[in-house]
Amino acid sequence: MLTPAAVNLVSFFYPTGNTPALSLTQNIPREHPANVLCLGCGDVRNILFTAHADGESDRRLDVTCCDIEKAIVARNILLLSLLIDTVDDHDVETVWNLYYHFYLDEKSLRLLRIQAKKLHDFAASMQTWHSSQYGKQFRICDIGTLIKVRQMWNFYSLNEKNTSFKMQFESMIQKAKKAKDTLAHGVVLTGFRSAVPAHLNSLEHLSQIYEHYWENGRGVHTDTFTLHYGTDPLLGFHLATAYAPLASTSPLRPETLESSPLRKLVEVARITFRAWANSFRRITCRNILTLRFVVGDAIAFCHALQHKRITGHIHSANLYRDGHHVELLVLDGEDYDNGTAPLCFNCIDTSNLVDHVGILNLLIATSPLLEHGVAASLYTEIIVRKEKTYKDLIDGLLCGHFPTVSILLGLFPVEYYTNASAVSTIDEILFNTATSSATRNLPGIVDSEMRQMFVRLTWKRPVALPTSASLPAIRLDGVGLAYVFYNVYLRMFQGEDLGHMFSHINLLALQKQSLLQYHRASYVSFLRLVKSRVATNWNEVMSILLNLIENNSNIRMGMNYMQEFYLYLHLLDLYCVDTLSRHYNCDGIAGTTGDIRDWRHMPPVVTVTLKIPRAKLRVFTSLEPLKLGTPTVHCVVQSPQASATGQWQNLFAAIQLSFGEVTTTGTPHSEAFKIHITEDEHGWNGKSPLLVSFYCPTWILLQEPRTATVAFGVQSTPHSAGLFINTLGTSLKVFETCLGDEKQVFVTKTLPNLLGTISVGGFLDSDVAGHEVPNPDARTIVSADVNNSTGQIISLTGRLEILSEEARIALRNGAHITTVWVSPCNFVVTIGDGRFRFNLDFPGPILDTKKKIRIARKSSYIEVLAPLADSVDWPSFPPSFMYPVFLDGDRKNPVSWNAPRLDLDTLPVLDLTQHAKLQWLITHTSLMFSDHESALRTTGESSSMYTEQSSNPAVRLSFKSSLFVVFMRFTRLQGGPTRATVFGINNIETSAGLHLLLIPSMLRLDPGGRTVVLDTAVLPLYDELMPRPEIRQFLADLSRVGILQLNVDDAALRTWKSVLPAMVERCRATWAHREDCAYVVGSEQRIPLSVESGQNPLCTCGNGKLPPGFVSADVPRWNHVAKYAVRAAVAPSFSIPYVETCGRSTVGPGNERGPGGATTVAASVDECCVCGRDKARDKTGGLLTCGRCRRVRYCSHECQREDWKEHKKVCA
């Protein structure tokens, strides 16, 4: 009921994933136990890949899987139980057939029936299940889930000759094929995502595989849903290894290298599945894995977890399992009784539920369940295209100012502020641009630009230093917060503003307005969460907010929902208007009117259940289901045509649908009167009436207790109006009757089959630090200032009220005050010589360059006031915030905040001798550069407007350019015939020589990141190390062999040193940080240790921990210095398309040019950009430099003439 209700005649079944598998533990250090929540979990790909990516980690892995489809959960348990039982790869192949094929061979069918029968018998009760051979590792969260999956296992165990089985299976196949022919006609190209980064040659093959699967495919059985038209079992796998050349000893290397492309794709998927399955078996044998399963709506399940977390003992939040049944969701599994089931998680993955339920609904439900450690991450994924540009998508995503609403939700959108990702973000844009322009006028093409806009967002808690177990509290004045809420209201219900709708008519806008994701209960749930998060005068907030909404003249249609708005404010204990503050019918004698006026002491809110005859539903069932879609529905309570109380109408969108028969108990028109619904399991295909229930204010019903109209209808949207207006008229009512019709209308205290009213929890008191946060010797108070006209937080003020008498004396005596900006959310304030130091944590990122400091020496407080940052402010943040590393709550383990963790030894290794098959790598690494960076690269624009501490665009460009050189020269794809094996980072602004050595061992595919990664040894060269004889001899010998010197300025060198800790930490697998680690010794975090010249940025805990034979024998005296080197994962660094425009300036497939169209990688390297020589060809002098742009170097006029055709296009 917390999301809009829709007619679900069309309900697609997603048996396999539509995006490549991801590791669920990618941001959790290997020492941390992983408590994972998978919402809309879908198939098992992420679980299997996580088991594989976790390598030999001995961490505890506890994964709670929630999906609304019982068939998804049942088949997942069936597959995983089979994998536990398998003994060899041949058995795994049979499991593959069973899980991914439509039509099963006899052997697979027999295995399915035997295993399904086995599971069905184990599931006779919760006790028999949990005591079975699978019960220890596969936990069922509630009895309702057990009943549902047992039904599916019973269905699977039926013999194929069984008439019921055969009819349902064939019906499912025919419905699925019809949906495919209608919605996915033509060429479907979305499979490219699985082949990134080597996807440029995959499009034709993946489309053919998709068609072959649907013509001859095999698959899964389900009885009540339509198989999704985009189903393709290969989409969940990483298919780049089918196109990228792999070394002979590489993991996941196809066995038949010369097979046809289609066969090779299938073989790659099978090999991958086999490897994942083996990893899963190994982890289950170590008894470190627990998988929990629940069938239900993700929003309802999360609120049930919140309620259990808040109350400690009550297992239900009085929410139904889903929006189309009246089964109460109760967490009655024994693990929720004994406290072993997690209620908070350090990973929450929500798949692409945002597309279905709305991101605010999802974040309201999940944010209170996210742990407060720096490793905890919440992921949201968007696939459906709703806006024209990525920036428009993000700007409108949270129904308000993105930074402001993020703060109120207690979340930090990582990529939004870092503008950096080690995961490929731009291939999607390049693909959409290329395919849409190439196929726009071709018949039968599914336009991917119109259909999809893939965005994956990572949300974390705001960083607190040292890491806090709670959110920083925030104070807002009542007026400001009211305007923030009002702005969210206007944006959330923008579709009800007819003026705005008609002024923004386009196809995307019409589609968006037809997919309603919020109603007033959703909005009030947001207010409920925020109330538990902030300190304010709440009555003032609500008084101002209601005045603003009630006097809004634009959203006229919204006034009909006002009573539902008031109602949910009352139910969720936020505010109570006068009409809901009292009971009714408190005077008089019971039983004198024969209607609800006989109900003595009638509560201010009751529930209405309306029974809609099956015949009235023909307006839906007579339409082609795919044409019908999923129209949103609501209920209406209004005055009759002739009414003594005047004409009035109230709409209720928070409704519950179900099919079944009604039985009643108790005396009508009394608190004892209850209804029970016995559900019709056939739903839309059954014979029972549709039953619709909703909360309603009592006073409305009492206006016309017999004659008021109660109706069920379709909400007006562009799609529904066009579909139904001719049959239903402008009111779009499907059925109506009068309130006195006691055969069709039931008025009760509670909703059917429930015992109480809905509960929405929010944050615990312990989740939010006291509004006056204790700090050693000081009290911290953080407040926000709001621009009332825009409803945006514009600045944050942190006040330190000094409590220590010694510090107060120092302050009064004029001690110097210093502030150090240690991260975008944190300052360290020091009084005097450093004896008094205070951490000042903000709930969002602020701008150091525009801060103001107020010092009240007599009143003993210090205030830091700074503007709230937006995404465009990323250049103002320190370079270390590109890929920051923070210490966890125990201050023992560094955590790479936004560079996903990798087990390098499990990643495929590329064969660098096959240049013709590696040309895609040029384009892929070029995608690092945003359009602005490409322009900077071309024009050489000055970066003097930025401070030395900032990671301004020119500095980041210099870092990326040197990174691009490393990839091109190590692979020999550009820059000359000789592979560079040692790279030296040189600061051209000093004479200190080399500062870092990068010695790549191999280039690997990072399938989860859809990119590549250099498996590299890093040797920092710093003052303390340089005098050692072995280092001096090593460098001398190395200089004779050759070091490719990358010339960068001081700011770019600082950036290299800033990101190195993340590069090291993300691949740490075989070693642990020591107790005396330099990162954690002392009272403050130092990661990196230093970015200054001559200083080491890294701790030494991982030095020498390199695999045998890691570095080529061509590197002289390596064995003497390997003890000073550490392993690192060096990957391309991609800009974020909703922060910067990306992809438009990047060349298309097959073009061997670099970023910004440049023909060379040698702009910062002392060598010829054509042949790679580091001296003049005639050996008479140095290199020549292009006299026009002064950026490109050549060994001779011949090389310059050869390059001019391409270079002239970008020469400035």
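Residues are numbered from 1 along each chain as its sequence is written, and side-chain values use heavy atoms, with hydrogens and water left out. Because the model is predicted, local features need pLDDT of at least 70 and side-chain atom pairs count only at pLDDT 80 or more, whereas totals for chains, interfaces and linings use all residues.

Helices (H or I, at least four residues) and strands (E, at least two) are DSSP runs, numbered from the N terminus. Two strands are taken to pair if DSSP finds at least two bridges between them.

Another open sheet, of 5 strands with antiparallel pairing, has the order S18-S17-S19-S14-S22. Strand S18 (674-679) and strand S22 (745-748) stand at its edges with a single partner strand each, so one side of each is left without a neighbour in the sheet. On average, neighbouring strands of this sheet are turned by 50° against each other, direction ignored. Strand S17 (residues 655-665) pairs with strand S19 (residues 690-697) in the antiparallel sense over 5 bridges, and Leu 657 stands opposite Val 692 in S19. Helix H24 lies across S14 and S19, running at about 75° to S19.

Helix H23 (residues 538-550) has 13 residues and reaches 18 Å from its first C-alpha to its last, close to the 18 Å expected at 1.5 Å a residue; the expected span is 1.5 Å times one less than the number of residues. Its buried residues (under 20% relative accessible area, 1.4 Å probe, protein chains only; exposed is over 50% and partly exposed in between) include Trp 538, Met 542 and Leu 545. Seen down the axis of H23, the buried residues fall within an arc of 160°, so they line one face of the helix. They pack against helix H19 (478-492), helix H22 (520-531) and H24.

A nonpolar core is a set of buried Ala, Val, Leu, Ile, Met, Phe, Trp, Tyr and Cys residues joined through side-chain atoms within 4.5 Å. In the largest core, of 294 residues, Trp 153, Phe 280, Phe 526 and Leu 527 touch the most other members. Residues up to four places away in sequence aside, Leu 527 touches residues including Phe 485, Trp 538 and Phe 565. A second, separate core of 43 residues includes Ala 5, Ile 596, Ile 612 and Phe 659.

Cis peptide bonds join Val 196 to Pro 197, with omega about 10°, and Ile 1087 to Pro 1088, with omega near 0°. Asn 419, although not a glycine, has a positive phi of about 50°; at 0% relative accessibility, Asn 419 counts as buried. Asp 573, also not a glycine, has a positive phi of about 60° and, at 63% relative accessibility, counts as exposed.

How values were computed:
Axes fitted to C-alpha atoms, helices over the stretch in contact; angles between N-to-C directions. Contact = heavy atoms within 4.5 Å. Arc of directions from axis to C-beta.
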